[in-house]
Amino acid sequence: MIDLFGSPEQCCGCSACFSVCPKQAISMFADTKGYLFPEIDSTKCIECWLCLKVCPFKASLNLDDTESKSAFGLKNKSDAERLTSSSGGIYIEAAKEVLAHGGVVYGVRQDRTLGAMHDRAETLEQARSFQGSKYVQSCKGDVFKRVKADLIAGREVLFTGTPCEVAGLKRYLCKPYDSLVTIDIICHGTPSADAFRLYLERMEKKYGARIEKMTYRNKEYAWRHQELWIQFSNGKIYHSPIWEDEFYRLFTGNYLLRDSCYSCPFASDNRPGDLTIGDFWNIANVNAEFEDSLGVSSVICNTERGRVFLTSILDRFDHFETTLDGCTQRNLQAPSPKPVNYDQFVLDWKNKGFSYCQKKYGSMGAGEKIRRKLSPVKKKILKIIGH
(Lines give C-alpha, C1' and ligand atoms only; values in the text may rest on other atoms or scores of the structure.)
Protein backbone atom coordinates (compact mmCIF):
# COMPACT_ATOMS: atom_id res chain seq x y z
CA MET A 1 0.00 0.00 0.00
CA ILE A 2 1.35 3.43 -0.94
CA ASP A 3 2.11 5.75 1.97
CA LEU A 4 1.47 9.30 0.71
CA PHE A 5 2.96 10.98 3.78
CA GLY A 6 4.38 9.80 7.06
CA SER A 7 3.20 12.74 9.16
CA PRO A 8 1.08 15.89 8.68
CA GLU A 9 4.27 17.94 8.28
CA GLN A 10 4.96 16.10 5.01
CA CYS A 11 1.77 17.15 3.19
CA CYS A 12 0.86 20.67 2.07
CA GLY A 13 -2.59 19.72 0.72
CA CYS A 14 -1.80 20.97 -2.80
CA SER A 15 -4.01 18.21 -4.34
CA ALA A 16 -1.53 17.21 -7.08
CA CYS A 17 -1.79 13.56 -6.04
CA PHE A 18 -5.59 13.74 -6.07
CA SER A 19 -5.56 15.24 -9.55
CA VAL A 20 -3.08 12.81 -11.14
CA CYS A 21 -4.60 9.51 -9.97
CA PRO A 22 -5.84 7.67 -13.08
CA LYS A 23 -8.32 5.58 -11.08
CA GLN A 24 -9.74 8.35 -8.87
CA ALA A 25 -8.53 6.33 -5.91
CA ILE A 26 -7.53 9.41 -3.93
CA SER A 27 -9.94 11.67 -2.06
CA MET A 28 -9.25 14.77 0.03
CA PHE A 29 -10.51 14.62 3.62
CA ALA A 30 -10.38 17.21 6.39
CA ASP A 31 -8.49 16.44 9.59
CA THR A 32 -9.61 17.54 13.06
CA LYS A 33 -8.35 21.10 12.44
CA GLY A 34 -9.98 21.42 9.02
CA TYR A 35 -6.94 20.86 6.79
CA LEU A 36 -7.38 18.71 3.71
CA PHE A 37 -5.26 15.57 3.35
CA PRO A 38 -5.32 12.86 0.67
CA GLU A 39 -6.52 9.34 1.41
CA ILE A 40 -6.14 6.32 -0.89
CA ASP A 41 -8.91 3.80 -1.49
CA SER A 42 -6.90 0.57 -1.58
CA THR A 43 -9.63 -1.18 -3.58
CA LYS A 44 -9.07 1.22 -6.48
CA CYS A 45 -5.31 1.81 -6.25
CA ILE A 46 -3.20 0.12 -8.96
CA GLU A 47 0.11 1.24 -7.40
CA CYS A 48 1.24 3.27 -10.41
CA TRP A 49 3.12 5.60 -7.99
CA LEU A 50 2.12 8.72 -9.91
CA CYS A 51 0.84 10.26 -6.69
CA LEU A 52 4.31 10.18 -5.16
CA LYS A 53 6.00 11.38 -8.35
CA VAL A 54 3.96 14.60 -8.46
CA CYS A 55 4.21 15.46 -4.74
CA PRO A 56 6.15 18.75 -4.38
CA PHE A 57 7.29 17.68 -0.91
CA LYS A 58 8.80 14.43 -2.21
CA ALA A 59 11.07 15.90 -4.89
CA SER A 60 12.58 19.29 -5.56
CA LEU A 61 11.35 21.43 -8.42
CA ASN A 62 14.14 22.16 -10.87
CA LEU A 63 14.24 25.80 -11.93
CA ASP A 64 15.97 26.34 -15.25
CA ASP A 65 16.42 30.10 -15.51
CA THR A 66 17.70 31.20 -12.12
CA GLU A 67 20.18 33.53 -13.83
CA SER A 68 17.19 35.61 -14.96
CA LYS A 69 16.27 36.63 -11.41
CA SER A 70 15.56 40.31 -10.94
CA ALA A 71 13.41 42.33 -8.56
CA PHE A 72 11.21 45.42 -8.75
CA GLY A 73 9.09 47.70 -6.64
CA LEU A 74 5.78 48.45 -8.37
CA LYS A 75 2.77 50.72 -7.94
CA ASN A 76 -0.18 50.44 -10.32
CA LYS A 77 -0.72 53.77 -12.06
CA SER A 78 -4.41 53.39 -11.32
CA ASP A 79 -5.14 54.35 -7.71
CA ALA A 80 -8.51 52.65 -8.02
CA GLU A 81 -6.84 49.33 -8.81
CA ARG A 82 -4.42 49.68 -5.93
CA LEU A 83 -7.22 50.54 -3.52
CA THR A 84 -8.88 47.17 -4.18
CA SER A 85 -5.59 45.24 -4.10
CA SER A 86 -3.59 44.04 -1.11
CA SER A 87 -0.52 46.05 -2.05
CA GLY A 88 0.62 47.60 -5.36
CA GLY A 89 -1.93 46.06 -7.75
CA ILE A 90 0.29 43.72 -9.79
CA TYR A 91 -2.09 40.73 -10.08
CA ILE A 92 -4.96 42.51 -11.83
CA GLU A 93 -2.72 43.83 -14.62
CA ALA A 94 -1.31 40.35 -15.16
CA ALA A 95 -4.87 39.04 -15.42
CA LYS A 96 -5.86 41.77 -17.89
CA GLU A 97 -2.88 40.91 -20.12
CA VAL A 98 -3.69 37.20 -20.30
CA LEU A 99 -7.42 37.78 -20.82
CA ALA A 100 -6.70 40.27 -23.60
CA HIS A 101 -5.03 37.45 -25.54
CA GLY A 102 -8.00 35.13 -25.13
CA GLY A 103 -6.44 33.33 -22.20
CA VAL A 104 -7.84 32.18 -18.86
CA VAL A 105 -6.95 33.09 -15.29
CA TYR A 106 -6.90 30.87 -12.22
CA GLY A 107 -6.90 32.32 -8.72
CA VAL A 108 -8.57 32.20 -5.33
CA ARG A 109 -11.97 33.69 -4.54
CA GLN A 110 -14.32 33.60 -1.59
CA ASP A 111 -17.10 31.02 -1.84
CA ARG A 112 -20.64 31.48 -0.50
CA THR A 113 -19.49 30.70 3.04
CA LEU A 114 -16.60 33.20 2.73
CA GLY A 115 -14.14 30.32 2.57
CA ALA A 116 -11.48 30.19 -0.15
CA MET A 117 -11.52 28.21 -3.37
CA HIS A 118 -9.46 28.16 -6.54
CA ASP A 119 -11.51 28.93 -9.62
CA ARG A 120 -11.26 29.75 -13.32
CA ALA A 121 -12.01 33.12 -14.96
CA GLU A 122 -12.51 34.05 -18.60
CA THR A 123 -13.67 37.63 -18.01
CA LEU A 124 -12.18 40.55 -16.11
CA GLU A 125 -15.23 40.70 -13.86
CA GLN A 126 -14.66 37.07 -12.86
CA ALA A 127 -10.93 37.63 -12.39
CA ARG A 128 -11.57 40.55 -10.03
CA SER A 129 -12.97 38.10 -7.48
CA PHE A 130 -9.39 36.81 -7.13
CA GLN A 131 -8.09 40.20 -5.97
CA GLY A 132 -7.08 40.70 -2.36
CA SER A 133 -5.80 38.41 0.37
CA LYS A 134 -7.70 35.38 1.67
CA TYR A 135 -6.13 34.13 4.87
CA VAL A 136 -7.37 30.55 4.66
CA GLN A 137 -6.20 27.60 2.57
CA SER A 138 -8.13 27.24 -0.68
CA CYS A 139 -10.12 24.24 -1.79
CA LYS A 140 -8.73 23.30 -5.21
CA GLY A 141 -11.05 20.53 -6.37
CA ASP A 142 -10.25 19.63 -9.99
CA VAL A 143 -8.57 22.95 -10.81
CA PHE A 144 -5.26 21.32 -11.84
CA LYS A 145 -7.12 19.19 -14.39
CA ARG A 146 -8.85 22.27 -15.74
CA VAL A 147 -5.54 24.10 -16.10
CA LYS A 148 -4.08 21.18 -18.04
CA ALA A 149 -7.14 20.99 -20.32
CA ASP A 150 -6.80 24.69 -21.13
CA LEU A 151 -3.10 24.33 -21.88
CA ILE A 152 -3.66 21.31 -24.14
CA ALA A 153 -6.35 23.32 -25.94
CA GLY A 154 -3.73 26.00 -26.67
CA ARG A 155 -5.05 28.64 -24.25
CA GLU A 156 -2.70 31.01 -22.44
CA VAL A 157 -3.08 30.43 -18.69
CA LEU A 158 -2.22 32.53 -15.66
CA PHE A 159 -2.17 30.58 -12.38
CA THR A 160 -1.75 32.27 -9.01
CA GLY A 161 -1.38 30.53 -5.67
CA THR A 162 0.86 29.77 -2.72
CA PRO A 163 4.30 28.41 -3.66
CA CYS A 164 3.39 24.83 -2.70
CA GLU A 165 0.29 25.04 -4.93
CA VAL A 166 2.33 26.36 -7.85
CA ALA A 167 4.93 23.64 -7.32
CA GLY A 168 2.19 21.01 -7.11
CA LEU A 169 0.66 22.22 -10.38
CA LYS A 170 4.00 22.14 -12.18
CA ARG A 171 4.78 18.63 -10.99
CA TYR A 172 1.28 17.51 -11.96
CA LEU A 173 1.73 18.90 -15.48
CA CYS A 174 5.02 16.95 -15.79
CA LYS A 175 6.33 19.19 -18.57
CA PRO A 176 6.72 22.93 -19.19
CA TYR A 177 4.16 24.86 -21.24
CA ASP A 178 5.18 28.08 -22.98
CA SER A 179 1.60 29.32 -22.63
CA LEU A 180 1.59 29.02 -18.81
CA VAL A 181 2.51 31.89 -16.49
CA THR A 182 2.66 31.11 -12.78
CA ILE A 183 2.71 33.58 -9.89
CA ASP A 184 3.44 32.48 -6.34
CA ILE A 185 2.70 34.76 -3.41
CA ILE A 186 5.03 35.38 -0.49
CA CYS A 187 3.17 33.19 1.95
CA HIS A 188 3.16 33.45 5.76
CA GLY A 189 1.32 30.12 5.97
CA THR A 190 -2.21 28.83 5.43
CA PRO A 191 -4.81 29.04 8.22
CA SER A 192 -7.28 26.27 8.89
CA ALA A 193 -10.66 26.40 7.16
CA ASP A 194 -12.30 25.15 10.37
CA ALA A 195 -10.71 27.87 12.49
CA PHE A 196 -11.91 30.48 10.03
CA ARG A 197 -15.44 29.03 10.01
CA LEU A 198 -15.57 29.05 13.82
CA TYR A 199 -14.38 32.65 13.85
CA LEU A 200 -17.14 33.68 11.42
CA GLU A 201 -19.79 31.82 13.45
CA ARG A 202 -18.66 33.64 16.58
CA MET A 203 -18.86 37.00 14.82
CA GLU A 204 -22.36 36.28 13.47
CA LYS A 205 -23.54 35.29 16.94
CA LYS A 206 -22.01 38.42 18.43
CA TYR A 207 -23.63 40.75 15.88
CA GLY A 208 -26.87 38.78 15.58
CA ALA A 209 -26.83 38.65 11.80
CA ARG A 210 -25.35 36.86 8.81
CA ILE A 211 -22.09 38.10 7.31
CA GLU A 212 -22.66 39.50 3.82
CA LYS A 213 -19.21 40.77 2.89
CA MET A 214 -15.70 40.60 4.26
CA THR A 215 -12.35 42.07 3.28
CA TYR A 216 -9.17 41.15 5.09
CA ARG A 217 -7.06 44.21 4.41
CA ASN A 218 -9.22 47.27 3.90
CA LYS A 219 -7.04 50.29 3.08
CA GLU A 220 -9.31 53.01 4.44
CA TYR A 221 -6.60 53.95 6.92
CA ALA A 222 -3.71 53.28 4.50
CA TRP A 223 -1.64 50.30 3.43
CA ARG A 224 0.39 49.91 6.63
CA HIS A 225 -2.66 50.46 8.87
CA GLN A 226 -5.12 48.07 7.28
CA GLU A 227 -8.31 46.78 8.84
CA LEU A 228 -10.38 43.64 8.84
CA TRP A 229 -13.79 44.80 7.60
CA ILE A 230 -17.05 42.82 7.90
CA GLN A 231 -20.55 43.85 6.82
CA PHE A 232 -23.58 42.09 8.37
CA SER A 233 -27.08 41.60 6.97
CA ASN A 234 -28.56 43.87 9.66
CA GLY A 235 -26.45 46.78 8.43
CA LYS A 236 -23.86 46.63 11.19
CA ILE A 237 -20.18 46.96 10.33
CA TYR A 238 -17.23 45.45 12.17
CA HIS A 239 -13.83 46.91 11.45
CA SER A 240 -10.67 46.40 13.41
CA PRO A 241 -6.98 47.04 12.84
CA ILE A 242 -5.41 43.76 11.82
CA TRP A 243 -3.14 43.90 14.88
CA GLU A 244 -6.20 43.92 17.18
CA ASP A 245 -8.51 41.31 15.63
CA GLU A 246 -8.17 37.99 17.46
CA PHE A 247 -8.30 35.75 14.39
CA TYR A 248 -5.71 37.81 12.57
CA ARG A 249 -3.47 37.86 15.65
CA LEU A 250 -3.67 34.07 15.90
CA PHE A 251 -2.67 33.93 12.23
CA THR A 252 0.28 36.30 12.53
CA GLY A 253 1.24 34.59 15.79
CA ASN A 254 1.55 31.36 13.75
CA TYR A 255 -1.01 29.38 15.75
CA LEU A 256 -3.31 28.67 12.81
CA LEU A 257 -0.82 27.45 10.21
CA ARG A 258 -0.84 24.06 8.58
CA ASP A 259 1.75 21.67 10.06
CA SER A 260 3.75 21.64 6.82
CA CYS A 261 4.04 25.45 6.87
CA TYR A 262 6.51 25.27 9.75
CA SER A 263 8.97 23.37 7.54
CA CYS A 264 7.97 24.77 4.14
CA PRO A 265 10.74 24.11 1.55
CA PHE A 266 9.53 27.05 -0.56
CA ALA A 267 10.03 29.72 2.13
CA SER A 268 13.29 30.74 0.47
CA ASP A 269 14.51 32.52 -2.65
CA ASN A 270 14.20 29.25 -4.62
CA ARG A 271 10.67 29.87 -5.85
CA PRO A 272 8.48 27.72 -8.12
CA GLY A 273 6.58 30.58 -9.80
CA ASP A 274 7.69 32.51 -12.85
CA LEU A 275 6.97 35.56 -10.71
CA THR A 276 6.87 35.98 -6.94
CA ILE A 277 4.73 38.82 -5.59
CA GLY A 278 4.11 40.30 -2.17
CA ASP A 279 4.01 43.46 -0.08
CA PHE A 280 7.19 45.54 -0.28
CA TRP A 281 7.37 45.96 3.49
CA ASN A 282 11.04 46.96 3.30
CA ILE A 283 10.37 49.89 0.94
CA ALA A 284 11.17 52.53 3.59
CA ASN A 285 14.75 51.24 3.75
CA VAL A 286 15.13 50.90 -0.02
CA ASN A 287 13.25 53.79 -1.61
CA ALA A 288 11.31 55.71 1.04
CA GLU A 289 10.09 58.40 -1.38
CA PHE A 290 8.38 55.74 -3.51
CA GLU A 291 5.99 54.67 -0.75
CA ASP A 292 2.51 56.15 -0.35
CA SER A 293 -0.69 55.23 1.48
CA LEU A 294 -2.01 52.81 -1.17
CA GLY A 295 0.83 50.30 -1.07
CA VAL A 296 3.80 48.96 -3.01
CA SER A 297 4.30 45.47 -4.45
CA SER A 298 7.59 43.65 -4.58
CA VAL A 299 7.94 41.47 -7.69
CA ILE A 300 10.70 38.93 -8.26
CA CYS A 301 11.26 37.47 -11.73
CA ASN A 302 12.39 33.89 -11.19
CA THR A 303 12.49 32.72 -14.81
CA GLU A 304 12.95 34.11 -18.28
CA ARG A 305 9.24 33.50 -18.87
CA GLY A 306 8.49 35.67 -15.84
CA ARG A 307 10.85 38.43 -16.97
CA VAL A 308 9.33 38.58 -20.46
CA PHE A 309 5.80 38.62 -19.09
CA LEU A 310 6.53 41.35 -16.54
CA THR A 311 8.19 43.44 -19.25
CA SER A 312 4.98 43.26 -21.29
CA ILE A 313 2.99 45.01 -18.54
CA LEU A 314 5.66 47.12 -16.85
CA ASP A 315 4.49 50.37 -18.45
CA ARG A 316 1.28 50.12 -16.40
CA PHE A 317 3.23 50.78 -13.20
CA ASP A 318 5.42 53.31 -11.55
CA HIS A 319 8.42 51.14 -10.83
CA PHE A 320 12.08 50.84 -10.00
CA GLU A 321 14.50 47.93 -10.11
CA THR A 322 16.03 46.75 -6.86
CA THR A 323 18.12 43.91 -5.49
CA LEU A 324 16.80 40.60 -4.23
CA ASP A 325 18.07 41.54 -0.78
CA GLY A 326 16.25 44.85 -1.01
CA CYS A 327 12.79 43.27 -1.27
CA THR A 328 13.42 40.29 0.96
CA GLN A 329 11.29 39.49 3.99
CA ARG A 330 11.11 36.73 6.57
CA ASN A 331 9.16 34.19 4.50
CA LEU A 332 11.63 34.55 1.64
CA GLN A 333 14.31 33.38 4.06
CA ALA A 334 12.68 30.81 6.33
CA PRO A 335 9.30 29.30 7.23
CA SER A 336 7.14 30.85 9.93
CA PRO A 337 8.28 29.40 13.28
CA LYS A 338 5.97 27.24 15.36
CA PRO A 339 4.96 28.94 18.66
CA VAL A 340 6.65 27.44 21.72
CA ASN A 341 3.23 26.81 23.29
CA TYR A 342 1.65 25.46 20.10
CA ASP A 343 0.91 22.00 21.56
CA GLN A 344 -0.94 23.61 24.46
CA PHE A 345 -2.90 25.73 21.98
CA VAL A 346 -4.01 22.61 20.08
CA LEU A 347 -4.93 20.91 23.35
CA ASP A 348 -6.95 23.94 24.49
CA TRP A 349 -8.73 24.07 21.13
CA LYS A 350 -9.69 20.42 21.48
CA ASN A 351 -10.79 20.58 25.11
CA LYS A 352 -12.05 24.16 25.59
CA GLY A 353 -13.06 25.30 22.11
CA PHE A 354 -11.83 27.82 19.60
CA SER A 355 -13.49 30.82 21.26
CA TYR A 356 -11.45 30.15 24.37
CA CYS A 357 -8.28 30.02 22.27
CA GLN A 358 -9.13 33.29 20.56
CA LYS A 359 -9.25 35.01 23.91
CA LYS A 360 -6.28 33.26 25.50
CA TYR A 361 -3.86 33.39 22.57
CA GLY A 362 -5.28 36.14 20.35
CA SER A 363 -6.18 38.97 22.72
CA MET A 364 -3.99 42.04 22.89
CA GLY A 365 -2.30 42.53 26.24
CA ALA A 366 -2.67 45.73 28.24
CA GLY A 367 0.91 46.78 27.57
CA GLU A 368 0.53 46.46 23.84
CA LYS A 369 -2.76 48.36 23.90
CA ILE A 370 -1.04 51.29 25.58
CA ARG A 371 1.87 51.24 23.12
CA ARG A 372 -0.50 51.17 20.15
CA LYS A 373 -2.39 54.24 21.41
CA LEU A 374 0.68 56.30 22.13
CA SER A 375 1.52 58.98 19.60
CA PRO A 376 4.94 58.80 17.88
CA VAL A 377 6.08 61.81 19.95
CA LYS A 378 5.12 60.15 23.24
CA LYS A 379 6.87 56.96 22.16
CA LYS A 380 10.03 58.94 21.43
CA ILE A 381 9.87 60.65 24.84
CA LEU A 382 9.38 57.33 26.65
CA LYS A 383 12.30 55.87 24.73
CA ILE A 384 14.52 58.75 25.83
CA ILE A 385 13.34 58.44 29.45
CA GLY A 386 13.99 54.73 29.33
CA HIS A 387 17.60 55.35 28.44
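Modeller: Two strands count as paired if DSSP finds at least two bridges between them. Strands of a sheet pair through backbone hydrogen bonds, and the pairing is either parallel or antiparallel. The model is a predicted one. In it, three strands make an open sheet, ordered β8-β9-β10, with antiparallel pairing. The edges are β8 (211-218) and β10 (237-241), each of which pairs on one side only. From one strand to the next, the twist averages 10 degrees.

The pairing of β9 with β10 can be followed in detail. Strand β9 covers residues 227-232, and five bridges join β9 to β10 in the antiparallel sense. Within this pairing, Leu 228 has Ser 240 in β10 as its bridge partner.

A helix belongs in the picture too. Helix α8, residues 193-207, lies across β8, β9 and β10. The direction of α8 is at about 120 degrees to β8.

Asn 254 sits in the loop between α9 (246-252) and β11 (275-279). Its phi is near 75 degrees, a positive value although the residue is not glycine. Asn 254 counts as buried because its relative accessibility is 8%, and the cut-off for buried is under 20%.

Leu 114 belongs to the loop between β4 (104-110) and β5 (116-121). Leu 114 is not a glycine either, and its phi is positive, about 70 degrees. With a relative accessibility of 10%, Leu 114 is therefore classed as buried.

Terms used
Residues numbered from 1 in each chain as written. Predicted model: local features only at pLDDT ≥ 70, side-chain atom pairs only at ≥ 80, totals over all residues. Heavy atoms only, no water. Helix = DSSP H or I, 4+ residues; strand = E, 2+ residues; numbered from the N terminus. Buried < 20%, exposed > 50% of the residue type's maximum accessible area, 1.4 Å probe, protein only. Axes fitted to C-alpha atoms, helices over the stretch in contact; angles between N-to-C directions. Contact = heavy atoms within 4.5 Å.
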